[in-house]
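Hi,

Here is the structure I promised to pass on. Have a look first, and my notes follow below.

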Amino acid sequence: MSLQRLRTFIEVYRQRSVTNAARSLNLTQPAVSQHIAGLEVAIGRKLFEREVRGVVPTAAADELAADLGNKLDDAEAALSSARARSIELTGALRIIGHGDFLAEVVTIHLQPLLEAGMKVRLHTGDSDLITHMLTEGHCDLGISAYPANDKRLHCELIRNERVLAVASPQVADRIISAPDFRQALLAEPLLAYNLELSMIDRWLVKNKIDHGQINPAMTGQDLRSLRNLLCRHFGWTALPEYLCAPYLDNGQLMEIPAPVGSTFLDYYLVWTPSALRQPRVAHARQSLLWNLKKT
């Protein structure tokens with residue numbers, strides 16, 4: 001029962017497809033089928049039922065996958081990291097994430113990789129695009145404000161960022177000094193990440209502010225664009241602390257006091273287990289986990 005057969009089994013189990021597993025493993029479909037057939041002979045039980053659009057795991061496959069867990073992924077990642085320390089890290093590393101977080105937080109931690117000779121290609125996108133680009137193999141690592149909800153992806157928490165309601169001092173003073181805080185807040189133009197008000201809504205709910213239906217004056221998925229408008233005395237929003245801390249310090253922005261308390265935004269490093277077979281990806285993942293968790 002070779003490790004290669006087990007790796008093939010895990011990939012078919014995750015992909016629910018012999019074709020997709022073959023592509024991910026850089027094998028032919030007949031080779032993948034032979035690995036599965038050999039494993040079925042070794043354990044004496046059928047692992048998959050074939051259907052028109054892929055395969056369905058049997059109970060035996062579910063049990064084997066549960067027993068294996070992440071052991072193969074961890075072993076391959078360790079081997080790739082060991083190889084990365086002894087060979088040249090060639091090729092380009094492709095990272096996708098939220099543009100503002102990449103620019104303001106991640107970029108400085110890429111310098112050691114660049115100095116080691118690695119080429120880095122940054123791409124920006126929302127959580128849906130991050131998932132798509134990773135699962136389709138177009139990118140190696142992703143950084144998202146949402147945990148992975150696709151079984152083909154793994155993720156690890158790298159940062160827990162406080163979220164603050166902010167505006168320019170002129171706007172913030174107008175809100176704070178008003179007799180009705182809620183009414184004054186909702187009367188100002190709102191800037192938001194998206195129409196779902198993902199960060200705004202959590203802050204308002206936490207602070208027990210009934211907001212009804214708010215139509216943002218502007219939405220933008222690069223939060224730096226919202227910050228720039230705030231600094232020109234227009235509107236208010238909720239921002240992760242890393243984006244507004246320097247502007248709070250120099251007086252361009254001011255925190256709108258939270259009646260109850262702050263909310264928090266988690267950021268995750270996301271990858272497919274198969275990507276860690278590349279030494280440069282395994283090394284970069286470990287480097288980013290180490291450095292981003294320390295900041």
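At roughly what angle do the axes of helix H2 (residues 18–25) and helix H3 (residues 29–43) cross? They cross at roughly 105 degrees and come within 9 Å. Axes here are lines fitted to C-alpha atoms, for helices over the stretch in contact, with angles running from 0 to 180 degrees between N-to-C directions. That makes H2 roughly perpendicular to H3, a label used for 65 to 115 degrees. On the H2 side the contact (heavy atoms within 4.5 Å) is made by Val18, Thr19 and Ala22, and on the H3 side by Gln29, Val32 and Ser33.

Before you go further: this is a predicted model, where local features need pLDDT of at least 70 and side-chain atom pairs count only at pLDDT 80 or more, while totals for chains, interfaces and linings use all residues. Residues are numbered from 1 along each chain as its sequence is written, and side-chain values use heavy atoms, leaving out hydrogens and water.

Now the whole chain. Its secondary structure comes to 14 helices and 11 strands; these are DSSP runs numbered from the N terminus, helices being H or I with at least four residues and strands E with at least two. The C-alpha trace spans about 75 × 45 × 25 Å along its principal axes.

Back in H2, have a look at Ser24, which sits in that helix. Ser24 counts as partly exposed because its relative accessibility is 26%. Ala275 is 251 residues away from Ser24 in sequence, yet their C-alpha atoms are 8.9 Å apart. Leaving aside neighbours within four places in sequence, Ser24 is in contact with Glu11, Gln15, Ser274 and Arg277.

Further along are strand E1 (residues 48–51) and strand E2 (residues 54–57), which run antiparallel and are joined by four bridges; strands pair if DSSP finds at least two bridges between them. The two form a hairpin with two residues between them, and Arg50 has Val55 in E2 as its bridge partner.

Last, helix H8 (residues 127–135). Its buried residues are Ile130, Met133, Leu134 and Thr135, and they pack against strands E3 (92–97), E5 (141–144) and E11 (263–271). After H8 comes Gly137, with a positive phi near 80 degrees.

Cheers

Key: Parallel < 35°, antiparallel > 145°, perpendicular 65-115°, else oblique. Buried < 20%, exposed > 50% of the residue type's maximum accessible area, 1.4 Å probe, protein only.
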